[in-house]
Amino acid sequence: MNCIFCQIAAGEIPAQKVYEDDRFFAFHDVAPTAPVHVLLIPKTHIASIAAMTDAEEAAEMPGFFAAIRTITRQLGIEEGGYRLVVNTGADGGQTVPHFHAHIIGGKALGWPPFHD
């Protein structure tokens with residue numbers, strides 16, 4: 001598969017690992033927007049939320065949020081707060097066609113206005 005996130009999860013492309021279990025892999029974003037900016041991906045290739053099947057949702061989502069809780073505790077941002085961002089599709093800003101969440105924190109986050 002030619003998916004960069006699948007290659008990262010398989011260890012074919014190096015990444016700064018933050019978390020890993022049998023279903024998920026988390027690593028530091030190469031272009032962070034805050035002091036903490038981690039990407040959490042399922043090891044199974046799922047292109048996006050829109051492409052996710054009911055079976056994939058049932059299998060992946062409960063563990064996905066448990067992994068987020070573990071990661072935010074590990075990184076010390078659970079108590080102060082953080083932002084989860086899931087971009088879906090081109091208009092939603094998704095640039096890698098593999099479902100993932102950005103875990104962003106480590107400072108107070110504003111809310112930029114959206115532009116046309």
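**Reading a chain of helices and strands**

Guide: Read along the sequence, the chain follows the pattern α-β-β-β-α-β-β, where helices (DSSP runs of H or I, at least four residues) and strands (DSSP runs of E, at least two) are numbered from the N terminus. This is a predicted model, in which local features need pLDDT of at least 70 and side-chain atom pairs count only at pLDDT 80 or more, while totals for chains, interfaces and linings use all residues. Residues are numbered from 1 along each chain as its sequence is written, and side-chain values use heavy atoms, with hydrogens and water left out.

Visitor: How many helices and how many strands does the secondary structure of the chain come to?

Guide: The chain has two helices and five strands.

Visitor: What makes the chain as compact as a globular protein of its length?

Guide: The radius of gyration, taken over C-alpha atoms, is set against the globule rule, which is 2.2 Å times the number of residues to the power 0.38. For 116 residues that rule gives 13 Å, and the chain has 14 Å, which is close, so the chain is as compact as a globular protein of that length. Along its principal axes the C-alpha trace spans about 35 × 35 × 30 Å.

Visitor: What percentage of the 116 residues is called buried?

Guide: Buried means under 20% relative accessible area, exposed means over 50%, and partly exposed lies in between, with a 1.4 Å probe and protein chains only. By that definition, buried residues make up 37% of the 116 residues in the chain.

Visitor: Why is Thr33 called exposed?

Guide: The relative accessible area of Thr33 is 52%, and the cut-off for exposed is over 50%, so Thr33 counts as exposed. Its place is in the loop between β2 and β3. Leaving aside its neighbours within four places in sequence, Thr33 is in contact with Ile104 and Lys107, contact meaning heavy atoms within 4.5 Å. The C-alpha atoms of Thr33 and Gly105 are separated by 8.9 Å, although these residues are 72 apart along the chain.

Visitor: How do you know that the span of helix α2 agrees with its number of residues?

Guide: The expected span of a helix is 1.5 Å times one less than its number of residues. For the 21 residues of α2, residues 54-74, this comes to 30 Å, and the end C-alpha atoms are 30 Å apart, which agrees.

Visitor: Which strands do the buried residues of α2 pack against?

Guide: The buried residues of α2, among them Phe64, Ile68 and Ile71, pack against β1 (17-20), β2 (24-28), β3 (36-42), β4 (82-85) and β5 (101-105).

Visitor: What makes β5 largely enclosed by the rest of the structure?

Guide: Five of the five residues of β5 are buried, so this strand is largely enclosed. In a regular strand the side chains alternate between the two faces of the sheet. In β5, Ala101, Ile103 and Gly105 are buried on one side, and His102 and Ile104 are buried on the other, so that both faces are covered.

Visitor: How many residues of β3 are buried, and which way do they point?

Guide: In β3, seven of its seven residues are buried; Val36, Val38, Leu40 and Pro42 point one way, and His37, Leu39 and Ile41 the other way.

Visitor: How many bridges join β3 to β5, and how many join β4 to β5?

Guide: Two strands pair if DSSP finds at least two bridges between them. Five bridges join β3 to β5, which run antiparallel, with Gly105 as the bridge partner of Val36 and His102 as that of Leu39. Four bridges join β4 to β5, again antiparallel, and Leu84 stands opposite Ile103.

Visitor: Which strands form a hairpin?

Guide: β1 and β2 form a hairpin with three residues between them; three bridges join these antiparallel strands, and Phe25 is the bridge partner of Glu20. β2 also pairs with β3 in the antiparallel sense over five bridges, including those of Ala26 with Leu40 and His28 with Val38.
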